[in-house]
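I opened the notebook today to look through this model. Here is what I looked up, entry by entry.

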Amino acid sequence: MKITREAGKYVLYKEKTVIGTAALEDGRLWVEIDPAWRQRGYGSYLVKEILQQNGGYDVKRETRFTAGPAADEAAGALLKKFGFLPQGGEMVRRRVPDLSAVQLCHEFLTAHLQPGGLYVDATCGNGHDTEFLCRLAGPTGRVLALDIQPAAVENTNTRLGAAGLGAIGQALVHDHARLAELVAPGTADCVLFNFGWLPGADHEVHSTADGSLPALQAALDALKPRGVLAAVLYSGQVIGDSEKQAALGFFRALPLTKYTVLVCEFANWASTAPLPCFVIKK
């Protein structure tokens, strides 16, 4: 079997015979299988391939597909098999990505911080968090991004330039444990850490407690009152959990008179799931 695109339609061939056609326009799906070839799994194959090609199984992407009311019981069963449910006189398949640790971190910072401040991305990696901070800081704000890996800094500056954010943020090769060399005490609105390894790089190269704990202390010193330290902690077979446990111990030992500490565990995820943590300086 093969599927081709012809005149804006998906065409399903069995050898050289057309046995099905389909169309997808503005998320609305239409499928037709030749009656002689129904009840053999070809409709399922065609629908699955169309969803696959259009992001329907992308766990990081929100998607919405619709179809008209099922013409018969078999058509309805086919649509329900792929998650289409009756809604408002049509069949609707909607997929919302699971809330990730990084997304939760971004949503928390968006809710607690105002544009125009000084934001620090202490582990810039591929620049995803830095771009987020630049958009949060706005044109009157400033974002400083740090990483000890030149590739990470290059990737981040390239990303900011392409997004038109180069005037707000800049990445430097610098050890985040020496943040005080770049940021005066009590001046930062936010310091963000996304520990672990550089995306796309060798997973044997990752942050460790030896460097991370001094960096966390430097971040607290840099924060102004009501400033927020945000950190996503990782553990696993390769990275282990020593850094995660050391950071948790550091956070839990902070005096209540000076800091509010939140550890946001995903209770029904694996124990190795990323762990978002927040420290609000009083």
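Which side chain does that of Ser212 join in a polar contact? I found Glu243, at 2.4 Å. (A polar contact is a pair of N or O atoms within 3.5 Å; within protein, one must be able to donate a hydrogen and the other to accept it, and residues adjacent in sequence count only if both atoms are side-chain atoms.)

A note on what I am reading: this is a predicted model, where local features need pLDDT of at least 70, side-chain atom pairs count only at pLDDT 80 or more, and totals for chains, interfaces and linings use all residues. Residues are numbered from 1 along each chain as its sequence is written, and side-chain values use heavy atoms, with hydrogens and water left out.

Entry: I placed Ser212 in helix α6; helices (H or I, at least four residues) and strands (E, at least two) are DSSP runs, numbered from the N terminus. Ser212 counts as buried because its relative accessible area is 3%. The cut-offs are under 20% for buried and over 50% for exposed, with partly exposed in between (1.4 Å probe, protein chains only). Lys60 sits in the loop between α1 and β5 (63–67), and it is exposed because its relative accessibility is 76%. I also checked Lys60 against Val96: they are 36 residues apart in sequence, yet 8.2 Å apart in space, C-alpha to C-alpha.

**Entry: the largest core.** I next looked up the largest nonpolar core, which has 30 residues. (Such a core is a set of buried Ala, Val, Leu, Ile, Met, Phe, Trp, Tyr and Cys residues joined through side-chain atoms within 4.5 Å.) Val191, Phe193, Leu229, Leu233 and Phe251 touch the most other members. Among the elements giving two or more residues are β11 (188–194), β12 (223–233) and α7 (242–252), while α6 gives the most, with six. Apart from this core lies another, of 23 residues, including Ala101 and Val228.

I then followed Leu229. Beyond its neighbours within four places in sequence, its contacts (heavy atoms within 4.5 Å) include Val191, Phe193, Leu216, Phe251 and Cys277.

**Entry: a pocket lining.** Which residues lie nearest the centre of the second largest pocket? I noted Val31, Asp72, Ala74, Ala75 and Leu78, out of 24 lining residues. (On a 1 Å grid over the protein atoms alone, a pocket is an open set of points where a 1.4 Å probe fits, with protein on both sides within 12 Å along at least five of seven lines; lining residues have an atom within 4 Å of a point.) The largest share of the lining, six residues, comes from α2.
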